[in-house]
Amino acid sequence: MLKLRMRFEKNDLLKYISHLDMMRTFARAMRRANLPLSFSQGFTPRPKIVFASALPVGVTSSGEYMDVEFEEEIEPEDVAARLNSVLPRGLFIKKVNHTQGHPALSSLNGALYLTDIIFNIDISKQILINGISDLLTEKCIIVEKSVRGKTKQFDIASLVYDIRLLSFAKGFAQLNMELSMGQEGNVTPQMVIMAFEKILHQEVKISKVHREDMFIYKNGNKTFPL
Amino acid sequence: MEINKALGELLLKVSKPTRYIGNEYNSVHKDKNSIEVHIALAFPDIYEVGMSHLGIKILYHLLNEKEDIYAERVFAPWVDFEKLLREHGIPLFSLESRTALRDFDFFGFTLQYEMSYTNILNMLELSGIPLLSKKRSDEHPFIIAGGPCAYNPEPLAEFIDFFVIGEAEDAILEIIQYYKKFKLSKLPRQKFLEMVSQIKGVYVPSLYDVIYNEDGTIKEMIPNKVGVPLKIQKRIIKDMDEAYYPTKFIVPYMDIVHDRAVLEIFRGCSRGCRFCQAGMIYRPVREKSVDRLQKLAEEIIDSTGYEEISLSSLSTSDYSSLKQLLEKLTEGFERSKVGISLPSLRIDAFSLQLAQKVQEIKKSGLTFAPEAGTQRLRDVINKCVSEHDLLNSVKDAFICEWNSVKLYFMIGLPTETVDDLEGIARLAHSVIDVYREVNGKTKGLKLNISTSTFVPKPFTPFQWEKQATLSQIDEKQKLLKSLLRGRNIHYNWHEAKLSFLEAVFSRGDRKLSKVLLSAHKNGCKFDGWDEMFSYENWMKAFRSEGINPEFYANRQRGENEHFPWDIIDPGIDKKFLLRELEKAKKGEISPDCRSGKCQGCGIKRIADGDIC
C-alpha cells in the first residue's frame, strides 16, 4: 500500500464548485487516469482519498492538499502528469510526494490567505497599517457567525496569527492573513474583515479571497504539509 | 465579454452557481469565429434535470464532431438566478461560450414533458427573442423542438418555427446542410421554413391552416403552400450498431438527477401496454449488439471516469442477450469497481439474482409497476403481470433480504371501478402477508404505494378516452387513503391538478398556444415543481382566453374525430389503435410482438426492426 500527498490548485474557473463536487471530480479523474487506487470495502467501494480542509465556495486556492492511497507502487511525478492530463480546467496538481516525513493532514491548524479589499471612502496607508496593528493587539475580537441558522458570537482574537499589508493603492489593498483552521477554530478572512470594519469605522468590501497554503502553527513556528 | 464580467459577482449570490459555470470535463469549446453554424441545445428545466437526459447528450456530441458546427447547452435558470439576470439586464446565455441565445443560428428545445412548456416561453423571453414565431425576423435564431411531446406539436404551434419528429440524429444534420445553403442565399426567413418542410420528419406549423368544426373539434388541417407534405412521417435510425453514440460524455461537477454513465442498449418496446405512449412511438425494437455495447461501455468509462454505468432502455429485461451482456460488463469492470445499474428491470427470480450481483439496490428498494389493482383492469391496459407472478417475485425478494418495496399504480384508468381501487389495497396487504410468511413478522417492512393519475396520450389506444375529472380523482384518492393504512404502508399520490393540465396539453390543439402565453404572463414556470405550481394562475389563463380545459381532458372523443396530431405519422395506424381499444373494452389482452404474433400496428409500413 502506497500513500501519496498531493498539493493542488483550484482556480477562478472552479471557485463556485463545492467541496463535495470537488471530491467527486478528483475520484473520477483518478479513474480516467487509470491509477491503481485502493478502494474501501463494502457494497459501494470508494477510492481512499482524504482532503485537508474544505475550501469555501467562491475562494480560489493554490495550496490545497489530499492524501490518496494506491494498491501498487507508482512514481509521484507519474501520478501528477497523468492526473493533470485528465483534470478539468481549473484544477491542477502542483506537487506529489510520499506522506512519510510530513505531518498528518488532520493536524493542520492554520491557513494563509490573500485577501483583496476595496474601500468606499479613501483612507491613507498609515491608517490602514495602524488598523491592522490595532486588530493584532486586541485582547478580544468578537465576530458573529451563523451556525445552523442561528447567529452566534465568537472571540477570534487568539485565532488570528498574523496580518500583513501586501499592497496598497487608492481605494484598494491586499492583505496577507494567517488564520486558525480546524479543530481549534475556523477563522475566515470574512470574519477578520468584519472586525476590521469596526476598527476603521467604515465599510470594507472583499473583492477576492485566495488561499495560498495551509500549515501547522506551533510555538510561533509554521510547518507545511509538503 | 460583458456577460462574463457581470457574472463573477452574481454567481456568488445564487443557491447553486455550479448550474451556470459550464467548463465540465469533456464539454466542448470551439472558436465562435471559425464555425459556420451555431446551435444551442436547450432543456427547459434546471441543469440537474437537463444534464440527466440522454437525447440532448447524443445530439451535443454528434453535432460537435462536425468541425463547422458548434453546439452548446442551455438550461432553464432557477428562479433566484432568473431574478438576477432580469435585474441586471443580462440575456440568457449558453454554458460553453457564454453567448447570448439571440445570437445563435438555432435554439432547439427538447420536449420531454408538457408541463415544461411555460419554461420554454420564459427562456425565449429571457433571451430577448419574440415568443411568437410570426413576430421573429431575419436577425433571430430559428426556434426548433423535438422529443416525445413533439408527437403532438400543436399546443406549441405559435412559438416553435419547426419541429423534428422522431429520432433526430440524421435529420438535424440535413437541416444544417439546408441552413448553410440558405445562409449564403440571403433569402428571407420564411423561405428557410419552406425549404426544411421538404425534409422528412420536419413539421412547420405555420405552413398549415387549421379549419375547425362548430363544436370546436378540428375539421381539417390544410397546407397553405404548394408542395408541403400532408403527413409528417417520423425519422427512424435503422441500424443501432451503426448509429452514432457518444463516448466522451460531459462529467458534471454537481450531483445531478442521474449522475452516471448511460449505455443505451435498445430502442422501442414490444409489450404494447395500452396506456404507454413511449411503447408506441418508439417502435420498432432495435437492439445494439453485445460486442458494440461492451466496446462502448469501456470507452465511456475510460473517458469519463464514472463509478457507475446504467443500462438504458424502455424495458431492460427485454434485451435479448441481457445475461451475456452483464457477464461481460461485470467481468470487464471487476478491477476498476465500476457498478452497473439496471433501471426499468422487470422483477423476477432471474433479475433478482442479477440485481444482487451487479447493483447497489438494497438502499433504494425494489420497484414493481403493476399499474392496476386487479387482473381485469391489468388486462384492459394490457399490462401482462399476474398477481401470482408479482407475489412470487416479492417473495423471492424478501427471501433475498430486501425489505423495502415500491408499488406503482395509475388511477382513473378507463373502465376502472371501486373494486379495482380496492384491488390496490388488497395487493398491498398480500405483499405484507408474504413478508410475514417469509420473516415471521411485519416489522422492518417498508411498503411504498404510489399512484399517479392516468393521462390519455396521443398515439395510444386510449387516445379517444376521457380523463377522470378532478372530483372523481379526489374521491378515488380519498378511498385509497382510507384503505392504505398501517405502519408498513406509505401512500403517496401525484398532484391530480398537474395531471389534468398534462392531459389538456398532451391532446391539445393550437388554440392552446394563447393559453400558454397567458399562463406565462401570469408567472407560470417550473410547473412540474410543487413549490412553483400555481393551478390558480393556470385557470386564470384559461378563463381569460375563453378556453375550456375540460374540452381537452375530460371529453370522450368520437371514433372519427380528426385529432390535432393526425398530421404526424409515427408508423402506428389508427385502425390498429382502434382495434386495441375495442379489445381493451372487452378485457382481451394482446401478446408481446416477440411472441411472433404480429398485431399489425403498422410500423412495418415504415421500418423493419429486430423484433416487430
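Me: What makes B:Lys183 and B:Asp105 a salt bridge?
Reply: In this predicted model, the closest N and O atoms of the pair are 3.9 Å apart. The cut-off is a side-chain nitrogen of Lys or Arg within 4 Å of a carboxyl oxygen of Asp or Glu, so the pair of B:Lys183 and B:Asp105 counts.

Me: Why is B:Asp105 called buried, and what is B:Lys183 called?
Reply: The relative accessible area of B:Asp105 is 12%. Buried means under 20%, so B:Asp105 qualifies. B:Lys183, at 39% relative accessibility, counts as partly exposed, because that class lies between 20% and 50%.

Me: How far apart along the helix are B:Lys83 and B:Glu87?
Reply: They are 4 residues apart in helix H4 (residues 79-87) of chain B, which means a separation of about one helical turn. An α-helix has 3.6 residues a turn, so residues three or four places apart point the same way. B:Lys83 and B:Glu87 form a salt bridge, with closest N and O atoms 3.3 Å apart, and both residues are exposed.

Me: Which chains does the salt bridge of A:Arg28 and B:Asp259 join, and why?
Reply: The N to O distance of this pair is 3.0 Å. A:Arg28 is in helix H1 (residues 19-32) of chain A, and B:Asp259 is in the loop between strand S9 (232-233) and strand S10 (261-264) of chain B, so the pair joins two chains. A:Arg28 counts as buried at 2% relative accessibility, and B:Asp259 counts as buried at 10%. Over all chains, the whole structure has 57 salt bridges.

Me: How do you know that the length of H14(B) agrees with its residue count?
Reply: Helix H14 (residues 418-439) of chain B has 22 residues, which at 1.5 Å a residue should span 32 Å; the end C-alpha atoms are 32 Å apart, so the two agree. Just after H14(B), B:Gly440 has a positive phi of about 75°.

Me: What makes H16(B) and H18(B) a contact?
Reply: Contact requires heavy atoms within 4.5 Å. B:Lys497, B:Phe500, B:Leu501, B:Val504 and B:Phe505 in H16(B) meet B:Tyr535, B:Trp538, B:Met539 and B:Phe542 in H18(B). By class, this contact has 8 nonpolar, no polar and 1 charged residues. The helix axes come within 11 Å and cross at roughly 35°, and the crossing is left-handed.

Technical notes: Residues numbered from 1 in each chain as written. Chains lettered and ligands numbered in written order. Predicted model: local features only at pLDDT ≥ 70, side-chain atom pairs only at ≥ 80, totals over all residues. Heavy atoms only, no water. Axes fitted to C-alpha atoms, helices over the stretch in contact; angles between N-to-C directions. Left-handed = near helix turned anticlockwise from the far one by under 90°. Nonpolar A, V, L, I, M, F, W, Y, C, P; charged D, E, K, R; others polar. Expected span 1.5 Å × (residues − 1). Buried < 20%, exposed > 50% of the residue type's maximum accessible area, 1.4 Å probe, protein only.
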